Structure formats: C-alpha cells, structure tokens
Amino acid sequence: MLVEKKERVIMGIDPGTAVMGYGVILEKGSKIELITMGIVRMEHLDDHFLKLQRIFEKTIVLLEQYKPDVLAIEAPFYGKNIQVMLKLGRAQGIAMAAALSKKIPVTEYAPRKIKQSITGNGSAGKEQVAAMLQRLLNFKETPEFLDATDGLAVAVCHSFQRVDTSGKGKSYSGWEAFAKDNKKRVQ
C-alpha cells in the first residue's frame, strides 16, 4: 500500500524567454508556506538558444537547491503571434526537460486555470493574483517583477488541486470552493 507524504515541496514556473518566474512552497497537510520566489532574467541575451540554455541551467540549480517533489508549470497561452508561442513553448519544454532529467514529475496548468484557482476569476490580472497570494501566504514584499508571483501562483494552484496518487485527493473548482472547505486556512 502506498503511503502519501504529509509534506511536499512544490515548485511552480512561469516560463518566459525574457523573464522566467518561479515560486516554491511547502505543503504540510492542508497548509502551505512560502519558501521562496524569484525570477531568472534573460533580456540581456540576444540569442534564443543562449536563453534556452540559461533556462535549463537555472532550472537545474533551483531543482537542486529546493529539491521539489513536483514541478508545476504554466502552459503557453494561445496568442496571435505564432513565433512568440513557439518561443514560449520551447522555454516551457526546456524547464520541463530539466525537471524530468532529475526524475521530478511535471504537471501543466492553463493560465486561466491558475488565475481561477487563486482568485476565483479566470480573467484576473497579474496584480490581483499577486495580492491574493500575499494574503494567502502572509508575505508583505512586492516582487520587482510579477513573473515571480506568477510562478508562485502555479505552485499554489497545484497545491489546491490536491493531486495525489491514492485517488482520495480533493479537487477544487475555484477559490470559493476551496475557501468554503478550508475556513481555518483562509483569514
């Protein structure tokens, strides 16, 4: 019989080719705590392949430093510019490859799903997502780039899904359902 861990570290990544955001949380039962969040900058690099190399190398360093049990990553959104989508897809794939090379499972979430699970609104802006995360995780500092809170949002979204291998996990349709079921966690 499989025994589920009572604690797990979840890393979330918001892939990008100019700035990649990341967040790491510790899930203890039904509680979550902020470990860290930040960004990896690449706007100073002109070559797309150098950017991909930096994403891979920095992701490996983060994985080795925080030792997450799972990587949650934001899926590229559908836009009008196919070249931008291709570049974002490559950035996402490189981050996923880094995790998979370390035998860390990867889960992907659509941007709308992430926003819905954090704010209750799939069309919420980056600022709304950041404000809700500040309340939820009790941190005051506002990151320089909202890409950091976007990466953090992916990790929190994954935690809210209560994905586990026993089939007994709890899944929530949005913030309201989660808040109703977790009154002690939400203040």
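Strand β4 (residues 70–74) is joined to β5 by 4 bridges, and the two run parallel. Two strands count as paired if DSSP finds at least two bridges between them. Alanine 72 faces threonine 107 of β5. The model is a predicted one: local features need pLDDT of at least 70, side-chain atom pairs count only at pLDDT 80 or more, and totals for chains, interfaces and linings use all residues. Residues are numbered from 1 along each chain as its sequence is written, and side-chain values use heavy atoms, with hydrogens and water left out.

The β4–β5 pair belongs to an open sheet of 5 strands, in the order β3-β2-β1-β4-β5, with mixed pairing. At its edges lie β3 (31–41) and β5 (106–109), each of which pairs on one side only. Neighbouring strands are turned by 20° against each other on average, direction ignored. Axes here are lines fitted to C-alpha atoms, for helices over the stretch in contact, and angles run from 0 to 180 degrees between N-to-C directions.

Strand β1 (residues 7–14) runs antiparallel to β2, and 8 bridges join them. Isoleucine 10 has isoleucine 25 in β2 as its bridge partner. A hairpin of 4 residues links β1 to β2. Strand β2 also pairs with β3, in the antiparallel sense, over 10 bridges. The hairpin between β2 and β3 has 2 residues between the strands, and glycine 29 in the turn has a positive phi of about 60°. Strand β2 (residues 19–28) is mostly covered, with 9 of its 10 residues buried. Buried means under 20% relative accessible area, exposed over 50%, and partly exposed in between (1.4 Å probe, protein chains only).

The whole chain has 6 helices and 5 strands. Helices (H or I, at least four residues) and strands (E, at least two) are DSSP runs, numbered from the N terminus. Along the sequence the pattern reads β-β-β-α-β-α-β-α-α-α-α. Of the 187 residues in the chain, 48% count as buried.

The largest nonpolar core has 24 residues. Such a core is a set of buried Ala, Val, Leu, Ile, Met, Phe, Trp, Tyr and Cys residues joined through side-chain atoms within 4.5 Å. The residues with the most contacts inside this core are Ile25, Ile118, Leu133, Leu152 and Val156. At least two core residues come from each of β3, β4, α3 (111–119), α4 (126–137) and α5 (146–161). Helix α5 gives the largest share, 8 residues. A second, separate core holds 22 residues, including Ile13, Tyr22, Val24 and Leu52.

Helices α3 and α5 pack at an angle of about 70°, and their axes are 9 Å apart. The two helices are therefore roughly perpendicular to each other. Angles of 65 to 115 degrees count as roughly perpendicular, under 35 as roughly parallel, over 145 as roughly antiparallel, and the rest as oblique. On the α3 side, Lys113, Ile114, Ser117 and Ile118 take part; they meet Ala153, Val154, Val156, Cys157, Phe160 and Gln161 in α5. The buried residues of α3 are Pro111, Ile114, Ser117, Ile118 and Thr119. Just after this helix, glycine 120 adopts a positive phi of about 85°.

Most residues other than glycine have a negative phi. Lysine 67 has a positive phi, near 45°. Lysine 67 sits in the loop between α1 (48–66) and β4. With a relative accessibility of 58%, lysine 67 counts as exposed. Asparagine 138 also has a positive phi, near 55°. Its place is the loop between α4 and α5. Asparagine 138 counts as exposed as well, at 56% relative accessibility.

The pLDDT (the predictor's confidence in each residue, from 0 to 100) averages 87 over the chain, and 87% of the residues score at least 70. Over residues 163–169 the pLDDT is below 50. Beyond near neighbours in sequence, this stretch has 9 contacts in the model.

How values were computed. Contact means heavy atoms within 4.5 Å.
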